[in-house]
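Here is a short report for a first look at this structure. Please keep the model open while reading.

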Amino acid sequence: MENVFLSTNNLTKQYKSTIANKDITIELPKGEIIGFVGENGSGKTTLLRMLTGLTRPTSGKFTYAQGDVRIGAIVENPAFFRNLTAKDNVIYQAKLCGCDEKTALSILDTVGLSDVGNKKVKNFSLGMKQRLGIAIALLNTPDFLILDEPTNGLDPQGIVDLRVFLDRIVKERGITLLISSHILSELSQLATYYVFISHGRIIQTITSKDLHAGLGSTIKVKTSSPNAAEVFSKLTVDGVIKGYAQNDTEFVLRDPADCNRVIQALASLDVSSLLTEEETLETYYLHLKGGRV
């Protein structure tokens with residue numbers, strides 16, 4: 001890969017008998033917005049904690065191509081002084097990282113909190129705390145910004161505003177942004193590169209351009225028929241569909257090549273609902289996992 005920003009080599013983290021990450025070997029590009037996608041318990045947060053230095057790998061290593069890198073991060077819940085105002089929190093953190101007060105307060109304005117700067121953090125909503133966390137993460141003018149579920153607690157307009165803001169600062173400052181989110185519809189509008197993880201292992205890295213070029217269509221089927229999985233497995237083997245994912249009684253059939261064969265197969269099942277739609281980042285990931293959600 002050209003323009004490599006970060007490389008990991010067999011990065012592994014084990015807690016007693018539990019392996020959270022196993023042999024993570026990837027290269028991340030510089031100056032891109034990297035969407036980090038995985039289910040709960042997939043090892044996303046553990047990997048983010050290793051990259052930020054919050055926890056040490058059991059084995060393996062990671063290196064930054066440019067040597068010393070300034071990192072800003074929100075991993076899990078941001079920590080604040082609850083009895084201080086947003087302004088005082090930002091000023092205090094600014095002193096720790098050598099940022100001047102004027103710049104700190106301008107960052108507070110950038111994330112849309114200047115009008116509540118004198119309000120105590122204990123009275124903040126979850127969404128406001130997320131914004132304050134991002135402000136603090138930006139204080140040291142990071143080269144690498146890591147955000148773990150930054151849209152938690154934000155209303156729809158707040159999510160859109162955050163997306164626009166993050167896209168702007170990456171372009172203006174040349175930041176490399178690694179963002180983990182379960183709101184895949186939003187992530188698909190922001191990310192230019194993707195890392196997919198499942199059960200502690202990286203299962204694919206791909207550019208946004210290549211991913212979207214490969215998206216097809218899906219058929220969502222709800223059926224309680226006990227032999228449904230067997231029927232859809234045969235359709236996959238026969239090349240009628242590219243694959244399927246299952247979540248309880250819902251099946252997502254990927255990129256049907258022969259709709260007549262699919263309809264014939266569905267006729268043998270007790271189908272309660274049927275929906276055809278264009279494939280999304282979510283259905284792509286479910287297919288990539290190759291199993292139950």
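## Two helices in contact

In helix 2, Ala86, Lys87, Val90, Ile91 and Ala94 meet Glu101, Ala104, Leu105 and Leu108 of helix 3. Contact here means heavy atoms within 4.5 Å. By class, this contact of helix 2 with helix 3 holds seven nonpolar, no polar and two charged residues. Ala, Val, Leu, Ile, Met, Phe, Trp, Tyr, Cys and Pro count as nonpolar, Asp, Glu, Lys and Arg as charged, and the others, Gly among them, as polar.

## How the model is read

This is a predicted model: local features need pLDDT of at least 70, side-chain atom pairs count only at pLDDT 80 or more, and totals for chains, interfaces and linings use all residues. Residues are numbered from 1 along each chain as its sequence is written, and side-chain values use heavy atoms, leaving out hydrogens and water.

Six strands form an open sheet in the order 6-7-8-4-9-10, with mixed pairing. Strands pair if DSSP finds at least two bridges between them. Strand 6 (71–74) and strand 10 (201–207) are the edge strands, each pairing on one side only.

Strand 7 (residues 144–148) and strand 8 (residues 176–180) run parallel, joined by five bridges. Leucine 145 has leucine 177 in strand 8 as its bridge partner.

Technical notes:
Helices (H or I, at least four residues) and strands (E, at least two) are DSSP runs, numbered from the N terminus.
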